[in-house]
Amino acid sequence: MHDNEHHHEESFISKYIFSLDHKMIGKQFLIYGLLMFFIGGGLALLFRWQLAYPDQPLPVIGASQQYLDEGEVVTGADRMWERIYESDKEEWLETNMPSGVITPEFYNMLFTMHATIMVFFVVVPILVGAFGNFLIPLMIGTRDMAFPILNMLSFWLAVLAAIVMAIGFFVPGGHAAAGWTGYAPLSADPQWTGVEWGQNLWAISLLIQGFSSLVGSINYITTIINMRAPGMTLFRMPLVIWSLFIVAILLLLAFPVLSSALALLIFDRLAGTTFFSATAEGGGDPLLWQHLFWFFGHPEVYILILPGMGIASELIAVFSRKPIFGYRSMVYAMIAIAFLGWIVWGHHMFQSGMRPGLGSIFMTTTMLIAVPSAIKTFNWLGTMFRGSIRFTTPMLHGIAFVSMFVIGGLSGIYMANTPVDIFIHDTYYIVAHIHYVVFGGSLFAIFGGIIFWFPKMYGRYMNDALSKIHFWLTFIAFNCTFFPMHILGVGGHMRRISNPQQYEFLQGFEGMNIFITMSAFTLGFAQLILVFNFFWSMYKGKVAEQNPWQVNTLEWEAPTPVPHGNFGQIPTVYRGPYEYSVPGEESDWIPQAQPEHAPATSGD
Amino acid sequence: MTHNTPEIQERQPLSNARLGILVLLGAEIMLFSGLIGTFLVFRVGNVTWPPPSHIGIELPRAVTGINTVLLLLSGYTMLQARRAIQRDNLKQLRNWLLITGMLGLLFLGVQGSEWVQLIRNGLTLQSGVYGGIFYVLIGCHAVHVLSAVIWLFIVFGMATAGRFSAARYTGVDTCTIYWVFVVALWPILYVLVYLS
């Protein structure tokens with residue numbers, strides 16, 4: 001009945017490169033995100049070195065002490081620097097890190113690009129691009145996205161954005177260095193940061209990324225509204241699909257606001273307008289950028305965490321072998337978070353100059369978000385409570401997500417308080433908070449999700465021993481890296497400072513900074529285990545059966561590996577997604593596609 | 001493009017393409033909200049508008065007013081085109097599309113000549129936020145009109161090739177939705193930018 005069912009012989013290019021299949025596009029986004037994850041993480045390690053050992057040469061590629069003192073070539077790195085200094089050309093390394101010492105300008109670029117890449121090129125592409133593409137058609141029971149060609153376009157626009165962003169590293173003047181928030185007028189005029197084309201490429205790349213997510217979100221929303229399998233009512237959708245649906249709406253509505261701000265920034269930089277600088281004749285507004293950016297930026301924060309919440313809900317329900325506690329309240333809580341996300345942007349600007357009365361309004365709306373967040377947290381705990389918990393590696397990541405999200409959420413309450421924020425704004429307290437939410441939250445959910453759905457993606461398990469080592473190393477190193485940052489922040493350690501040692505009151509934090517850097521390097525190297533495991537298991541992992549974790553949702557009804565068109569016949573859905581351990585049933589799970597049947601005969 | 005699940009889609013009140021365009025409009029509204037918000041920040045933040053440095057520069061209110069009527073008219077003719085194909089009248093569809101496209105081009109032409117005049121009078125992109133936001137906001141709308149015109153002529157070409165009928169006119173429908181959005185947006189901009 002379907003022409004999809006007989007096997008297509010596709011060429012390499014149409015199967016792996018310009019694929020129209022949502023599963024392949026999802027995998028492309030996943031590998032794209034993991035690749036960018038390493039670039040973003042590498043940048044972080046570079047500036048962590050500078051924070052622990054200010055103005056000292058980097059290990060391995062930095063020059064030796066003898067070379068710096070006496071010009072004596074001792075190591076291979078010395079030879080490299082000797083060659084660089086002797087050449088007439090202005091080498092990239094020479095400009096940015098002479099002898100392996102990170103310059104303050106390079107430092108600015110490093111933290112700017114670390115955050116830009118992690119937010120726009122890692123977390124969103126993996127959570128929304130990879131999981132969204134792979135899971136939505138499979139979990140709602142359809143054959144592909146509503147617009148496969150737009151779907152492919154979305155991926156290749158993201159690639160183009162990444163290329164433009166990458167070129168920025170190598171243009172004269174360096175890459176954008178005004179922070180990932182790109183605050184104007186700092187970013188609007190090259191005279192402040194010394195950055196010329198880097199900042200322009202940054203803005204252009206994000207504009208392209210905006211088109212990519214626009215196309216993606218149109219696709220997701222249309223697919224979820226229009227293409228659900230028979231019987232798949234909205235309130236029978238798995239929570240991860242709900243989260244992706246809500247996030248698609250947020251992306252759709254939030255990103256265009258950033259696009260308008262980016263366009264104005266580009267005009268300011270290239271066409272001589274003065275939207276963001278209050279010059280005498282121009283009359284622009286320096287606060288305008290912050291309003292536009294955070295009007296996008298705060299919904300963006302929830303874009304980064306909501307799919308993580310969805311994934312964690314799946315993991316916790318499946319491995320507790322219990323229905324999710326309060327399914328509808330979970331959905332309404334996500335909708336509430338998404339709605340409140342639009343009216344809290346001012347809490348990023350308490351110290352930018354704001355009427356105190358307005359500040360307390362933003363404080364109140366921000367604190368209101370604690371209510372739906374707490375609903376979700378207690379529901380996760382309620383789901384696990386007295387469940388038959390299976391401590392698989394994905395479940396460990398799910399539990400880590402909830403725990404880290406609670407820490408990150410609670411530190412958020414402090415920052416929402418205007419009086420407290422006066423003290424901790426722009427300190428490492430903020431850095432600790434954002435990393436507890438986005439690394440501790442979103443990334444643990446991503447890791448858990450990758451391990452959980454890997455058998456469906458590639459037909460094999462990921463190696464469990466390696467996964468467990470990766471989890472524990474990551475979990476411990478993550479907390480050692482980011483927890484002390486709370487203390488640094490309360491101690492007044494500024495957020496974007498390249499050499500804390502130049503201030504007497506920060507010199508006492510040297511030991512803590514070194515500890516954080518060591519932990520950060522451990523954290524970074526732990527991720528190599530994940531990547532090795534990912535690619536090794538793709539070819540050598542244990543072959544997985546169709547439904548290895550005994551899950552109810554529809555993606556596990558599809559054969560493994562999932563063929564083009566996903567299902568032989570579109571399944572009909574008879575029940576909600578979380579019917580685990582139903583009393584009186586023999587099996588502790590009832591797939592969504594299993595028809596109603598007479599009650600079990602035994603026992604009554 | 002949407003061949004894969006006919007058995008599901010038949011039940012839906014809106015086809016994928018129509019729904020997709022409506023969702024796109026959500027993003028367009030937010031894009032213009034960002035720019036209109038910027039305009040309002042400057043408008044409300046300045047006691048005199050245009051700012052003192054721009055006294056003497058008059059926006060062409062009357063001509064633009066006529067232009068507004070032209071664009072609104074094109075919205076009406078576009079709806080007539082849609083009605084024509086609903087009645088399976090391909091010839092009328094093509095005529096109405098042609099009229100609509102011409103009205104769109106006329107609107108752009110009038111606006112272009114106004115811009116030339118304004119630049120001659122000294123109002124440029126660089127003349128402070130007054131000139132800057134005028135050209136960016138109105139220009140952003142003009143780009144939308146232009147892409148709507150291009151889209152419309154593609155639909156016109158498809159109509160000429162006989163690709164539509166009373167049973168199959170998604171292409172006309174999606175273009176109509178977009179055109180009506182671009183038309184409906186304009187009076188808001190006219191009142192805000194030219195009359196306020």
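Residues are numbered from 1 along each chain as its sequence is written, while chains are lettered from A and ligands numbered from 1 in the order in which they are written. Because the model is predicted, local features need pLDDT of at least 70 and side-chain atom pairs count only at pLDDT 80 or more, whereas totals for chains, interfaces and linings use all residues.

**View 1. Chain B, a chain of helices.** Chain B has six helices and zero strands; here helices (H or I, at least four residues) and strands (E, at least two) are DSSP runs, numbered from the N terminus. Its C-alpha atoms fill a box of roughly 65 × 35 × 20 Å along the principal axes. Of its 196 residues, 35% count as buried, meaning that 20 or more other C-beta atoms, placed from the backbone, lie within 10 Å of the residue's own.

**View 2. Where chain B touches chain A.** The contact takes 33 residues from chain B and 39 residues from chain A; two residues are in contact if their C-beta atoms, placed from the backbone, lie within 7 Å. On the chain B side, helix 1 (6-9), helix 2 (16-45) and helix 5 (128-160) each supply at least two residues. Helix 2 of chain B gives the most, with 16 residues.

**View 3. L252(A) and the largest nonpolar core.** What is a nonpolar core? It is a set of buried Ala, Val, Leu, Ile, Met, Phe, Trp, Tyr and Cys residues joined through C-beta atoms within 7 Å. The largest one has 234 residues, and I241(A), F245(A), L250(A), L252(A) and L306(A) touch the most other members. Helix 6 (residues 104-140) of chain A gives the most to this core, with 24 residues. Leaving aside neighbours within four places in sequence, the contacts of L252(A) include L214(A) and I218(A), as well as V23(B), G26(B) and A27(B).

**View 4. One buried side of helix 14 of chain A.** At 1.5 Å a residue, the 15 residues of this helix (370-384) should span 21 Å, and its end C-alpha atoms are 21 Å apart, which agrees; the expected span is 1.5 Å times one less than the number of residues. Which residues of helix 14 of chain A are buried? They are P372(A), S373(A), K376(A), N379(A), W380(A) and T383(A). Just after helix 14 of chain A, R386(A) takes a positive phi of about 60°.

Terms used:
Buried ≥ 20, exposed ≤ 12 C-beta atoms within 10 Å, placed from the backbone.
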